[in-house]
Each structure stands twice: as C-alpha cells, then as structure tokens.
Amino acid sequence: MSETVSAAFALHRRRNAAVFIALGLLVSAAVLLGSWVGAAGIGPERFLVIFSAELGLTPAAAVSESERAVLLFIRLPRVALGLCAGAALAVSGAVLQGLFRNPLADPGLIGVSTGAALAAVAVIVFGGAGLAAVIPPAYVLPVAAFAGGIAATVMVYRIARRDGATDAATLLLAGVALNALTAAGIGALVFASTDQQLRDLSFWMLGSLGNASWRMLTVAGPAMIAAVSVLLLSARFLDAMLLGEGEARHLGFDVEAGKRRVVLLAALATGGAVALTGVIGFVGLVVPHLVRLVLGPTHRLLLPASALLGAALLVIADLIARTVVLPAELPIGIVTSCVGGPFFLWLLTRRRAGTGW
Amino acid sequence: MLAVRSASLGYGGRVALHGVSLAVAPGEVLAVIGPNGAGKSTLLRLLSGECEPEAGMVALDDVPLHRWNARVLARRRAVLPQDSHLVFPVPVPEVVMLGRAPHAGRRSWAQDTATAAAALAETGAAHLVARVYTTLSGGERQRVQLARVLAQVWPDDGDPAPKYLLLDEPIANLDPAQQHATMRIVRRFAERGGGVLAIVHDLNMAAMYADRVGVIEAGRVVALDTPTRVFTPELVRRVFDLDVSVLPHPARDCVQMLPA
C-alpha cells in the first residue's frame, strides 16, 4: 500500500520535473527572442558578438554603438521588466485565487490595479508638479501608481475586516465596489483630459513595457522579486486554505496573519508591476489556470510554474506588441486580452460540471 | 486530557452554552448527542480552539488552549468538519498530506508519505490514491478527509503525548456499512491511546461504539455516563421528545433503542 502511494508521488514527481524543464526552456526562448527580434534585428550571431565584447572576450570595435545601445539599454531592460512583471502578475493571481478559493480572482480584484490606474491618471491629467518637487520627474508616475495601488488594497482590506477577522467574501465584494468607484473616477478624469493627455492615458490603461529602463528596474525589480519569493514560501498555507479557513486553522496555521501577508505581498508585487507597465489584463487570471490544467492546484508546484509561465508569456506578448504594427507599437494589454479572453472562454466551456477547477 | 471547565458562550445575545464541563480522556470515545441547536457544535468549536469561552476555560493537559502554540496544538488534535469546501481538483494524496502540514520539517518526506499512505489504508481509501478529490463521491470524500485528520494525529510520531480527534457528525452522509466502518476506525484510534469526541445523531451508533455519552440539551450537559446508564426511555423522551424501548443488543454488550 505504502508502495502504491509512494509510486503515485514518484510518478507525479517525474512529470512535474518535465513540466518545469519545459517552462525553463520556454523562458530562455522568450528571453533570447525578446533580445533578438525587433525594429532593429539583432539576431543570435550579433547577440553573441555584443555579449562577448561586453565581457571583454573580443575587441569592442566589432560592435557598433547603436547596436550595443539597442540591446543593452532598450531590449534587455524590456525583457527584464517583462520577466518580473509577468511573474509578479501570475503569482499574485494564483495566490489570490487560492486564498479566496475563487478561480475568478485576479490581482485586480483587491483594487490594486485600478487604484494604481486612478493615481496614474490623476498625475497625467493634473500633472505631477507637486510630487516632482520631491522625487525625480521620471519616477513621479510609477511612484504615484504604486502608492495608489497599495492604498486601494489597504482600503479594501480594512473594509472587509470586522472583529479582528477578514471575511474573504466581503473582501472580494469590497474590491468589486472599490473598483467600480475607481473606474468612475478614471472616467471623470478621462472626460476632463486634453487630447494629448488622452493618448498617454490610454497607453497607460492598456499597458506597455515601453518605459523600461535599468534605473526604474533597480527600484521596482527587487520589490517584485522579494514579494514573489515570499509568496512562493506561502505554498503550504495556501494549500491548507483550499480546504477552508477553519481547516487551515486546525492544521496550525495563523490564518489571519497569513491572509494579511498574502494580500499585501500580492499588492506589492502587482503594484510594482503596474507602476512600471500600466494595467495589463488577463495574465494574472489565465496563467494560473493554464498551469493548473497540467500540474493541478497544489501551490508548491502552481506558484513557481505560474511565475515561469507568466514571465515567458509577458515577454512574448511584448515581442508581439512591438513588432506586429511596426513602426508603431501596440499597447501590450490589447495583445494579452486578445489571446487571454478567447482562451479563458474556451477554458470555461471545456470545464465539465462537478470536476471543479 | 482535553477538557472544558464550566464554560459559557453566547452568540448575539443568545447563550449557547451554560457552564458546561466535560473532558475527553486518552483511550476513550466520547459521543456527544443532543437535539438540533442544543449547543453540540459550539462545544466542538470550543474544544478545537476555534472560539474562546466567555467564562470558564478549555484546556489540553491543563494548559489553556490559547496558550498553546498553534502548530504544536495541531500535532496533538485534529478536527473533522461536517462538510468540506474543497472545490479545486487536488489529488487525493495531496489532501491527505495536508494533515502532515503541522509536522513540516520534523520528519522526512518519505516518513510523511508513509504515514499518509497508512492513514488512507486505515480508512479503506487506498484505492483512491490516483484520484482527484473533486471527482469523488460524498462517501469517498468523507473517507479521504478522515484519512487527512488521522494522518495529522497519527500515533507513530515519536511523541508519546496522547492525540485527540474531534469529529463533527462523521457518519451523517454515509451508507450503513460505511457508518460502522468509520466508527470502528474511531474505536481503533482510541484503543491505540487516542481520545475521541464525536458528535453523533444516531443514538444506536453512540450506544454501540462510545465508551461514554454526553447529552447536551439547551446549552447544558444533562447526562454524562456510559451508554447503558445514559440511554433510558425517560431521558430519550425528555431530551429528544421521542418514545423508545431500550433493549439489550442480542449479540453485543450494549443497548439499542427502538421507537416505541
């Protein structure tokens, strides 16, 4: 008997290892393609030449300054931002779906995306002059967005908190209500905006990795990576939460502290992503579902796999966004929604009654 | 010893329990019976530490529950809820392994899987090992959940302190054969030195498998003794508003009740 169970586990382990190897290859492929392909093609051969020159292995004279700049200061930061933001959004979506035991939860549901959007839109429309006095102008928009996202999440969390306990259903509904309010605020600001502001707005509302720079990433990157890493360590708690809050408590978990930690870390990860890229839909919703189809809902596997798949998909989506209508650039949110929407509908229709998610 | 001492608790102005005292000892099965709304579930919630009494106290080995570290407590007692809300397709072994969560870092993965396997075998659910929880029938789910709580307080743990099981209507949704199978599992747990408190609706099951029966009526313990002493036609009429004849079981050393 014990052998059967151990065999069942071992079988899972082999399959899981294969899935993770495939995901690792997908991420590598996305990183390479994301660096090679674009308005100025670089290609594998030039890529190697530039890198070996950077490392001092070959003379720097073999590399043109513009080629070097495109790869090191335009392509690579974009790829890095795509990896961080994709992983942050996908893992946030996965943990919130688990925490709320609701497969439709996505990072936006705790208010972080729309809160960030409202703050960003306000800065675009009213100008960030006041903020620019204390922080470098380039940081004004991301900082405002991040603060707006965190503020909205804290507000949602406070509303749902009663007698020291947070009710998951109330938290979801509070998020829905706050999202509606924020959307109204954004609508009003859009109405009051000028044509130029409107262009900036729509780009921000639909997301873009176009503002990627190493300078921005050194601030937001570590925050996203740290938040995602700590979330990965919450896998067992989230597994127990799938059974129910009471069951998790009886298994010895501090449920309130765990919920607070997961919600705030998800807000931190998503807030960091949204601050640099604008609102990118569907990654946080669809990626965890895709992973669950293959690996099941166990968070020990779901979370790292979601991080890898989210990272790879966002880099690929960005590749499509910036090459499909050259020389212009499509907002990345349009790409993710075009792919994610139909995919999610397909997922809904193939789901058989009673088999759960 | 897992004990409630003169505990009182109310919800929204209504008192659910009045000065209840009751203790589960290692090695015994204590069945708690009573009409709907008498306070049985509240008692279970007190004993599991899910809520605290307004007066009195709940203690494991004479230490109040709230002073126990949550994980250490979880290694000493497991709780089987009435129904589960698991809607994600978790593989059966993973569900059972969750019972080992409070033991994380104390034993190897191989030891934990061996315990999980033994718990699944104990509940007669070994054949479900390759299945996914959401595709199971109600009875199969109940067996897997029972295996999970058994894995949580599995006796072979290097820790000699007695373990406790709190079961909220563990046989409510099972067919007759399954009901008896479950009660036999519970008895085996007690015979290995564990203490069990089970809320049971079926008086005859309580009479057959419990060492002691606690009767709760309107938030008070009105009887607490061996089944033979507790189950009298007078008590059943008074508490359950039901006329019964109490007869000795023809083959076993216990009483059974028939509607009069």
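Buried means under 20% relative accessible area, exposed over 50% and partly exposed in between, with a 1.4 Å probe and protein chains only. The model is predicted: local features need pLDDT of at least 70, side-chain atom pairs count only at pLDDT 80 or more, and totals for chains, interfaces and linings use all residues. Residues are numbered from 1 along each chain as its sequence is written, chains are lettered from A and ligands numbered from 1 in the order in which they are written, and side-chain values use heavy atoms, without hydrogens and water.

Close-up 1. With a relative accessible area of 16%, N179(A) is buried. The side chains of N179(A) and T114(A) are joined by a polar contact of 2.5 Å. A polar contact is a pair of N or O atoms within 3.5 Å; within protein, one must be able to donate a hydrogen and the other to accept it, and residues adjacent in sequence count only if both atoms are side-chain atoms. Leaving out residues up to four places away in sequence, N179(A) touches G108(A), L109(A), G111(A) and T114(A), where contact means heavy atoms within 4.5 Å.

**Close-up 2. Cysteines C84(A) and C254(B).** C84(A) counts as buried because its relative accessibility is 16%. C254(B) is also buried, at 11% relative accessibility.
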